[in-house]
Amino acid sequence: AVLTGTMDDEHDLIVLDCSPLSLGIETAGGVMTKLIPRGTTVPCQKSEIFTTYADNQPGVLIQVYEGERQLTKDNNMLGKFELMGIPPAPRGV
């Protein structure tokens, strides 16, 4: 209606931007852990606590993906970064 000019001036219009695909990170075994579901309005903020996979792990590689599949190999990688300086501790801490 907006593009064709047939919309009345009496109606308010709100345009929201949303994520077309779910966003998540790769966890053990190449699994896609979704943090932001598809259709979430952006900008947004989500948080989740993750633990280490091995004893005395000094760092982790965070790989960010978009997609709806359960395995990251079937989704699109958006980027990655390394988180270093994790204090020595048993896995799962």
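**View 1. The largest pocket takes up about 580 Å³.** This is a predicted model, in which local features need pLDDT of at least 70, side-chain atom pairs count only at pLDDT 80 or more, and totals for chains, interfaces and linings use all residues. Residues are numbered from 1 along each chain as its sequence is written, and side-chain values use heavy atoms, with hydrogens and water left out. So what is a pocket here? On a 1 Å grid over the protein atoms alone, it is an open set of points where a 1.4 Å probe fits, with protein on both sides within 12 Å along at least five of seven lines. Grid points are joined across faces, edges and corners, and the volume is the space filled by probe spheres set on the points.

**View 2. Here is the lining of the largest pocket, 24 residues in all.** Lining residues have an atom within 4 Å of a pocket point. Look for Glu 26, Thr 27, Phe 50, Thr 51 and Ile 62, which lie nearest the centre. β1 (23-27), β2 and β3 are the elements that each give two or more residues to this lining, and β3 supplies the largest share, with five. By type, the lining splits into 12 nonpolar, nine polar and three charged residues. For this count, Ala, Val, Leu, Ile, Met, Phe, Trp, Tyr, Cys and Pro are nonpolar, Asp, Glu, Lys and Arg are charged, and the others, Gly among them, are polar.

**View 3. The chain has four strands and zero helices.** Follow it from the N terminus and you get β-β-β-β. Strands (E, at least two residues) and helices (H or I, at least four) are DSSP runs, numbered from the N terminus. Of the 93 residues, 19% are buried; buried means under 20% relative accessible area, exposed over 50%, and partly exposed in between (1.4 Å probe, protein chains only).

**View 4. Glu 68 and Lys 34 join their side chains in a salt bridge.** The N to O distance is 3.4 Å. A salt bridge puts a side-chain nitrogen of Lys or Arg within 4 Å of a carboxyl oxygen of Asp or Glu, and the count by this rule is one. The partners sit 34 residues apart, with Glu 68 in the loop between β3 (59-66) and β4 (76-84) and Lys 34 in strand β2 (residues 31-36). Glu 68 is partly exposed at 30% relative accessible area, and Lys 34 is partly exposed too, at 38%.

**View 5. Thr 72 sits in the loop between β3 and β4.** Is Thr 72 buried or exposed? It counts as buried, because its relative accessibility is 4%. Leaving aside neighbours within four places in sequence, Thr 72 is in contact (heavy atoms within 4.5 Å) with Glu 26, Gly 30, Val 31, Met 32 and Tyr 65.

**View 6. Ser 22 lies in the segment before β1.** Ser 22 is buried as well, with 3% relative accessibility. Beyond its neighbours within four places in sequence, the contacts of Ser 22 include Met 32, Lys 34, Tyr 65 and Glu 68.

**View 7. Pro 43 is found in the loop between β2 and β3.** Pro 43 counts as exposed, because its relative accessible area is 81%. From C-alpha to C-alpha, Pro 43 and Asp 17 are 8.2 Å apart in space, and 26 residues apart in sequence.
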